Amino acid sequence: MTEDMQREAGRIGLVSMAGVVVVLVIHPFGTTDIYETGGAFLDHVTGFWVVLHLVAALLFAAFPLVFGAWSLSLEAGHAKVLALWATVVCVAGYGIGALHLIGTDTVTFWVYADTYEATRDTPAGEVGADVFLRLHAATLTSWITVFWFAAPAIAGLAALRAKSGPVWLGAMALIGAALQVPAVILTLSEGQWTTVSEQGFFRTGATFTILFTIGLALGLRRGAPIGQPAPAPVTTPG
C-alpha cells in the first residue's frame, strides 16, 4: 500500500469516525423498561430511527477499511498477522452488524410495526412482538461479540506487538473489548438488553474502540501508521 493510499484511508476513517460519534450521541439510549416488552420496544420505531440506523450501517464500513489499511502498512511479523486477523474478523463483524442495523433495526422494524399496530393488545400480537424483541437481542449480541469484542481485542494485541506504537493505544482497544464481555454475559443472563448492559458496558466499550480506531486513522493520515516508524523528512540539496 502506497503512502497516498494510507493517507486516503486515514482521511476516510477520520470523517467516518466523526459520523459514528454523532450517531452514538443522538441514538436513543436503550433502557430496561424499553426492552421489557416487544410492545414498548416497537413504540420507538420512527422514521428517524430507521434513517439513523441506515446511516450507521454505512459509517461502520470504515472500521474494516482502517483496520485493513493499517495491517497492510505493517512490516511482516507477528503484529502484521494479528492485524490481518483483526481485519478479517472486523469484516465478518461488519456483515453481522449490517444484518442487525438494516435487517433488524430498519426493515423488520418498519414492516412489523404495521403488523403490530393491527394486532396490538391481542395474544398473537404480544407474542409476535416478544419474538421480534428476542430476535433484536440475538442479532445485536452477535454483532457485539464479533465486531466490538473479537476484532478490537485482536487489533489491540497487534498494536502491542508492533512495539513502536504507544502502549496506551493498544491497551485502549483491549479495554474496549473487555467491557463488551459483561455486556454480553448480562444480556444472556437476563434474556434481554438492559440499561446496564447497553449504557454501562456496551457504549463505554464502544467509545474506547472508536478512540482506538481514530488513533489508527490519524497514523494513516500522517503517513506513519501505528507500528511503523515515521517517514524520514525529505531534504533537497543546497
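At 4% relative accessibility, Thr187 counts as buried (buried means under 20% relative accessible area, exposed over 50%, partly exposed in between, with a 1.4 Å probe and protein chains only). The model is predicted, so local features need pLDDT of at least 70 and side-chain atom pairs count only at pLDDT 80 or more, whereas totals for chains, interfaces and linings use all residues. Residues are numbered from 1 along each chain as its sequence is written, and side-chain values use heavy atoms, with hydrogens and water left out.

View 1. When residues up to four places away in sequence are not counted, Thr187 touches Thr141, Gln192, Trp193 and Ser197 (contact means heavy atoms within 4.5 Å).

**View 2. The chain as a whole.** Nine helices and zero strands make up the secondary structure of the chain. The C-alpha atoms fill a box of roughly 85 × 30 × 25 Å along the principal axes. Of the 238 residues in the chain, 48% are buried. Among contacts in the chain with a separation of 6 or more, 79% are between residues 24 or more positions apart.

**View 3. Packing of helix H3 against helix H5.** The axes of H3 (residues 47-59) and H5 (residues 78-119) come within 9 Å and cross at roughly 165°; axes are lines fitted to C-alpha atoms, for helices over the stretch in contact, and angles run from 0 to 180 degrees between N-to-C directions. H3 is therefore roughly antiparallel to H5 (angles under 35 degrees count as roughly parallel, over 145 as roughly antiparallel, 65 to 115 as roughly perpendicular and the rest as oblique). The crossing of H3 and H5 is left-handed, a term used if the near helix is turned anticlockwise from the far one by less than a right angle, with right-handed used if clockwise. H3 contributes Gly47, Trp49, Val50, His53, Leu54, Ala56, Ala57 and Leu58 to the contact, and H5 contributes Tyr94, Leu101, Ile102, Asp105, Thr106, Phe109 and Trp110. By class, this contact of H3 with H5 has 11 nonpolar, three polar and one charged residues (Ala, Val, Leu, Ile, Met, Phe, Trp, Tyr, Cys and Pro count as nonpolar, Asp, Glu, Lys and Arg as charged, and the others, Gly among them, as polar).

**View 4. Buried residues of helix H3.** Trp49, Val50, Leu52, His53, Ala56, Ala57 and Leu59 of H3 are buried. Their cover includes helix H1 (3-26), helix H2 (38-42), helix H4 (62-73) and H5.

**View 5. Buried residues of helix H1.** In H1, the buried residues are Gln6, Ala9, Gly10, Gly13, Ser16, Met17, Gly19, Val20 and Val23. The elements covering these residues of H1 include H3, H4 and helix H9 (195-221).

**View 6. Packing of helix H4 against helix H6.** H4 and H6 (residues 123-162) pack at an angle of about 20°, with their axes 12 Å apart. H4 is therefore roughly parallel to H6, and the crossing of H4 and H6 is left-handed. The contact joins Phe63, Phe67 and Trp70 of H4 to Phe147, Trp148, Ala151, Ala155, Ala158 and Ala159 of H6. By class, the contact of H4 with H6 has nine nonpolar, no polar and no charged residues.

Conventions:
Helices (H or I, at least four residues) and strands (E, at least two) are DSSP runs, numbered from the N terminus.
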